[in-house]
Amino acid sequence: MASKKLPSETKQLIDKNLKIVYEALEKKGYAPEAQILGYILTEDPTYITTYNNARELITQLDRDEIGCHILEEYFGR
């Protein structure tokens, strides 16, 4: 993926979906950071619980865009 700013709609969708996924993983007793990172690195959806439709929500997102958004947030750009 070329270095570019993500549209605000994409960022909002990533934020919304990741929040739901994170909360679902936490509720089911998983380590959300580790599970989401495992998914991002491998694209293996079994890292994400099906609880609260979390697996479906994360697979709707582009992994590269998730990573770009996380880095943009981290570096404040």
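**Exercise 1. Which residues is Thr 49 in contact with, leaving aside its neighbours within four places in sequence?**

Solution. Start by setting those neighbours aside: Thr 49 is then in contact (heavy atoms within 4.5 Å) with Ala 24, Leu 25, Lys 28, Tyr 30, Ala 54 and Arg 55. Before going on, remember that this is a predicted model, where local features need pLDDT of at least 70, side-chain atom pairs count only at pLDDT 80 or more, and totals for chains, interfaces and linings use all residues. Residues are numbered from 1 along each chain as its sequence is written, and side-chain values use heavy atoms, with hydrogens and water left out.

With a relative accessible area of 11%, Thr 49 is buried (buried is under 20%, exposed over 50%, partly exposed in between, using a 1.4 Å probe and protein chains only). Finally, look at its side chain: a polar atom there lies 3.1 Å from the backbone nitrogen of Tyr 51.

**Exercise 2. Which residues of H1 are buried?**

Solution. First get the helix itself: H1 has 20 residues and reaches 28 Å from first C-alpha to last, close to the 28 Å expected at 1.5 Å a residue (that is, 1.5 Å times one less than the number of residues). Then pick out the buried ones: Thr 10, Lys 11, Ile 14, Asn 17, Leu 18, Val 21, Ala 24 and Leu 25. Down the axis of H1 they fall within an arc of 160°, so they line one face (the arc takes directions from the helix axis to the C-beta atoms). Over on the other side, Glu 9, Gln 12, Lys 19 and Lys 27 are exposed. The cover over the buried residues includes H2, H3 and helix H4 (63–75).

**Exercise 3. How many salt bridges are there, and where do their partners lie?**

Solution. Count side-chain nitrogens of Lys or Arg within 4 Å of a carboxyl oxygen of Asp or Glu; you get three salt bridges.

- Glu 72 pairs with Lys 11, closest N and O atoms 3.4 Å apart. Glu 72 is in H4 and Lys 11 in H1, so the pair ties together parts 61 residues apart in sequence.
- Glu 23 meets Lys 19 at 3.6 Å, N to O. Both are in H1, four residues apart, or about one helical turn.
- Glu 43 meets Arg 63 at 3.5 Å, N to O. Glu 43 is in the loop between H2 and H3 and Arg 63 in H4, so parts 20 residues apart in sequence are tied together.

Technical notes
A polar contact is a pair of N or O atoms within 3.5 Å; within protein, one must be able to donate a hydrogen and the other to accept it, and residues adjacent in sequence count only if both atoms are side-chain atoms. Helices (H or I, at least four residues) and strands (E, at least two) are DSSP runs, numbered from the N terminus.
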